[in-house]
Amino acid sequence: MSTTAVANVPQVADFVLSPELIQFRDFVRGYAQQHLGGAAAYDAEVKFPRDAVQAAAQLGLLRTTVAKEHGGSAMGNLASCVMLEEINAVCVSTGVTISVHNSLVNSLLGKWCNDAQKRRWFPKLVTGEWLGAYCLSEAFSGSDAAALRCEAKRQGDHYVMNGAKLWITTGSEAQLFVVFARTGPDRIKGISAFVVEKSWPGVGVGKKERKLGLRGSPTTEIVLENVVVPADCLVAQEGQGFTIALDTLDGGRLGIASQSLGIARAAIDLIKAHLAAQLDAKGRPTATQPDQWQLADLAADLDAYRFLVWRAAILRDQGVRCSTEAAMAKSCASRLANRAARAAVSILGPVGASGQNAAERLLRDARITEIYEGATDIQRLVIARGLLAPS
Ligand SMILES: Cc1cc2nc3c(=O)[nH]c(=O)nc-3n(C[C@H](O)[C@H](O)[C@H](O)COP(=O)(O)OP(=O)(O)OC[C@H]3O[C@@H](n4cnc5c(N)ncnc54)[C@H](O)[C@@H]3O)c2cc1C
């Protein structure tokens with residue numbers, strides 16, 4: 001390796017978005033301003049943001065991870081992350097609906113389904129006529145996904161599926177479920193992935209969870225009773241389900257990391273506006289030093305963790321495995337969202353805690369980013385495993 005070789009070419013580390021992505025970010029920011037004004041009402045009334053999601057569909061925001069030949073825009077993970085930060089800075093319930101649809105359902109179908117399956121389901125998914133949901137968790141299987149018990153027994157040209165999935169985002173609104181079920185006794189190789197349509201006999205929406213935050217996003221049980229699943233709805237091969245689930249979660253975690261950036265940014269904006277309004281008689285800022293330090297630390301972390309998210313997204317767009325990088329992005333960004341929302345509530349004082357502005361809602365929403373798509377402790381395990389793996 002010669003030092004001249006390095007010196008003779010321009011050195012690039014891309015810390016700025018391309019002009020096209022900046023334009024797209026501004027376009028999504030416009031969508032958020034125009035269509036997500038009901039965020040507080042969705043939370044207060046526990047109401048699904050149907051109109052906002054449909055408006056997003058019409059603008060093409062439900063097809064960013066789908067190939068062009070199947071009606072998508074093939075924008076990929078980096079663009080999706082940029083989009084999700086903008087949406088989640090205003091409305092997390094709309095944000096998680098779009099994140100799950102794009103990163104846990106469309107991405108999975110695009111990567112693992114055959115052409116006939118893609119032609120069957122993408123036309124409805126890319127237009128938002130159908131929303132998708134990702135059904136992995138069960139009552140006794142969350143962090144330990146391989147403990148799942150839902151089973152699919154092969155009978156001739158179909159499988160018979162029985163079980164119950166818990167905590168399913170968009171559960172009551174989705175028309176298409178990706179369901180992970182047991183097709184054999186092996187803990188890992190006995191898991192397979194299926195596409196299940198809501199209209200099929202035996203598919204039911206069970207109890208709806210009452211949640212701390214993300215209240216506009218319906219989280220429900222999905223009950224599967226003797227559901228006849230045609231064999232051509234198996235995704236990839238029997239026994240590949242666990243690999244598919246984990247690979248898909250790498251992308252999903254980027255969506256939740258971006259959601260966390262959006263929450264953190266919204267909380268920092270509240271703090272900035274509050275401190276900037278504290279002026280003495282001569283118009284000079286009077287914010288206390290500790291409050292300024294908090295603001296400074298949060299703002300610096302936001303910029304740093306955004307780069308973690310973009311790095312993992314760029315790797316995934318390049319087809320490089322990014323489990324460690326995605327876990328770093330999610331664990332850092334989601335913890336920042338919690339710190340920023342907590343700081344907003346305490347700096348704004350009673351107004352912050354009262355629900356008179358978004359701080360209290362952000363604090364409730366932020367908590368969930370550290371739980372779903374892998375709790376923070378699980379992200380730390382994934383990172384440590386990645387670092388300790390033989391290279
Ligand atoms: C709002 C919401 C939406 C969700 N949406 C979906 C969805 O769409 N689809 C879906 O399939 N699931 C969904 N989930 C489920 C979610 O992914 C799980 O809740 C999550 O993976 C944690 O699993 P668990 O609830 O079983 O908690 P547990 O596994 O019981 O974990 C609880 C805590 O124990 C600790 N812990 C557990 N195991 C370990 C370990 N091995 N090492 C160290 N610490 C550990 C962690 O700190 C963790 O926070 C959703 C959950 C919520 C709250």
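Predicted model: local features only at pLDDT ≥ 70, side-chain atom pairs only at ≥ 80, totals over all residues.
## Helix α2

The buried residues of α2 are Phe24, Val28, Tyr31, Ala32 and His35. Around the axis these cover an arc of only 95°, and therefore they lie on the same side of α2. Their packing partners are α4 (50-58) and α5 (76-88).

The length of α2 (residues 19-35) agrees with expectation: at 1.5 Å a residue, its 17 residues should span 24 Å, and the C-alpha atoms at its ends are 24 Å apart.

## Domains and the contact of domain 1 with domain 3

The domain assignment divides the protein chain into domain 1 (15-130), domain 2 (133-239) and domain 3 (242-388). Taken over C-alpha atoms, the centres of domain 1 and domain 3 are separated by 20 Å. Contacts between these two domains involve 23 residues of domain 1 and 24 residues of domain 3.

On the side of domain 1 that touches domain 3, at least two residues come from each of α3 (39-44), α5 and α6 (92-112). Helix α5 gives the most to this side, with 10 residues. By residue class, this side of domain 1 comprises 12 nonpolar, 8 polar and 3 charged residues. Helix α5 is also one of the elements against which the buried residues of α2 pack.

## Surroundings of the ligand

The ligand is surrounded by 22 residues, and the closest are Leu136, Ser137, Gly142, Ser143 and Ala375. Among the contributors to this shell, β1 (132-135), β3 (158-169) and α13 (376-388) supply at least two residues each. The shell is made up of 13 nonpolar, 6 polar and 3 charged residues.

Both domain 2 (133-239) and domain 3 (242-388) give residues to the shell around the ligand, so the ligand lies between these domains.

## Glutamine 318

Glutamine 318 is located in the loop that connects α9 (289-317) and α10 (323-348). This residue counts as exposed because it has 10 C-beta neighbours inside 10 Å. Along the chain, glutamine 318 and alanine 67 are 251 residues apart, while a distance of 15 Å separates their C-alpha atoms.

Key. Residues numbered from 1 in each chain as written. Helix = DSSP H or I, 4+ residues; strand = E, 2+ residues; numbered from the N terminus. Expected span 1.5 Å × (residues − 1). Buried ≥ 20, exposed ≤ 12 C-beta atoms within 10 Å, placed from the backbone. Arc of directions from axis to C-beta. Contact = placed C-beta atoms within 7 Å. Domains from an automatic or database assignment. Nonpolar A, V, L, I, M, F, W, Y, C, P; charged D, E, K, R; others polar. Near = placed C-beta within 6 Å.
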